[in-house]
Amino acid sequence: MATSSARAHPPLAASPGALDGIARRALDARRSAIREVFDLANRLPDAIRLEIGEPSFATPRFIVEAAFEAAAGGFTRYTPNGGYPALREALAEKIERVDGYAVDPDSVVVTPGAMNALFSIYLALLDPGDEVLLPTPGYPNMDEMVRLLGGEPVFYRLDAASGYLPSREELEPLVTARTKAIFANSPGNPTGAVFPAETVRGLGELAAERGVWLISDEVYDELILDEEPAHVSAAALVPGAPVIPVYSFSKVYAMTGWRLGYCAAPPALADVLRKLQEPQVSCPSAVSQKAAEAALRGPRDEIDAMRAAYRERRDRAVETAAALGLDAFRTQGTFYMLVDVARAGLSAREFTFRLLDEFRVAVAPGEVFGPGGDGLVRLSFAVEADELAEGLSRIAAAIDAFAARPA
């Protein structure tokens, strides 16, 4: 019998002190509870999936075909740190058309996803101990990102009673000598709120007057579901203010897996952001950038149809929630909806995991959105309307069942 000449290698083993050499900031980083729910729901084929924060549609075919053509044509090499000039020119045109302000293409920095843009921005701005004002309930991962880079998150509350809108009057006392930036997100994840012009202007003016940066997450700028309020950018309303708008191809164009985002920054900061790309990721993907060019310059039919579908699902969800007696916020933009489950008498986290276990519905627990998310869960419209309505019906039943059980 033949014997193999290959040497057997022992598997890597963890020594008793294996974690001693891992940085404390990495060990202290918390895993998103949404990912925990996601992993558990993957084992339950009958679960209704309302936790996923990505579009339910495939990337439009014309975008995919442009990527194939680019790859076949040789666009498979390194690119400039901040993206191809042709894409940055197209993005400058899009920003002026959609977001209402003019920007030089050299001030546009293309990144592997909006998350990388945000990480690079914080990396460029934060020294140890610097504070960043963050909304709660607010976009997941922002507080972890700030902590990882040595900053201190300072939360400001968004309340359903005020439409989840930030108030300059409440924000202003939080700005101290240690404040480096204010983070704002409109249209908002998880709230679905779209900030009216007066709110956006107030944020821009506060940043300008107090000499802090306004990091403006506008990745859902083309997913407005109502005519009013329309999306407006602080960069348009308060010219010259220290605003850094951040955008993405993921949600508007159903391109989450292509990993492409971008931001607009003052020239000196844009240079720094491009420099920081090199040690992090080198550059954004060549094929993804050519796909993005096609998305910007191609037909709008499928893009508009996706938004119309989200609007129809939102309307069905709001109607269903009202009929079930659920306290839900009427989403104005994005494809998310917040539902108040406090009546169940459980923390949002416990409610979420028991809902999945007993009622087979996966949602995002409010805890991931900061301290203001307690008692809330987030639903995604990335499912068909009937499935969304059934999920809401089970949530209502779960609230009643859990509230009726002895503590």
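Biologist: Which residues of helix H14 are buried?

Modeller: Buried means under 20% relative accessible area, with exposed over 50% and partly exposed in between, using a 1.4 Å probe and protein chains only. In H14 of this predicted model, the buried residues are Leu388, Ala389, Gly391, Leu392, Ile395, Ala396, Ala398, Ile399 and Phe402. Helices (H or I, at least four residues) and strands (E, at least two) are DSSP runs, numbered from the N terminus.

Biologist: What do the buried residues of H14 pack against?

Modeller: A contact means heavy atoms within 4.5 Å. The partners of the buried H14 residues include helix H12 (301-324) and helix H13 (348-359). Strands E1 (48-49), E10 (336-340), E11 (361-362) and E13 (376-380) are also packed against them.

Biologist: How many residues does H14 have, and what does it span?

Modeller: The expected span of a helix is 1.5 Å times one less than its number of residues. H14 (residues 385-404) has 20 residues, and from first to last C-alpha it reaches 29 Å, close to the expected 28 Å.

Biologist: What pLDDT does the protein average?

Modeller: pLDDT is the predictor's confidence in each residue, from 0 to 100. The protein averages 94, and 95% of the residues score at least 70. Residues are numbered from 1 along each chain as its sequence is written, and side-chain values use heavy atoms, with hydrogens and water left out. As the model is predicted, local features need pLDDT of at least 70 and side-chain atom pairs count only at pLDDT 80 or more, while totals for chains, interfaces and linings use all residues.

Biologist: How many cavities are there?

Modeller: Rolling a probe the size of a water molecule over the atoms shows where empty space is left. On a 1 Å grid over the protein atoms alone, a cavity is a set of points where a 1.4 Å probe fits but cannot get out; a pocket is an open set with protein on both sides within 12 Å along at least five of seven lines; lining residues have an atom within 4 Å of a point. Grid points are joined across faces, edges and corners, and a volume is the space filled by probe spheres set on the points. The count comes to 4 cavities of 30 Å³ or more. The largest cavity has a volume of about 80 Å³. Of its 14 lining residues, Ser186, Phe195, Val200, Ser216 and Glu218 are the closest to its centre. Strand E6 (213-217) is one of the elements that each supply at least two lining residues, and its 3 residues are the largest share.

Biologist: What is the volume of the second largest pocket?

Modeller: The second largest pocket holds about 410 Å³ of space. Its lining has 10 nonpolar, 3 polar and 8 charged residues, and the largest share, 5 residues, comes from H6.

Notes. Nonpolar A, V, L, I, M, F, W, Y, C, P; charged D, E, K, R; others polar.
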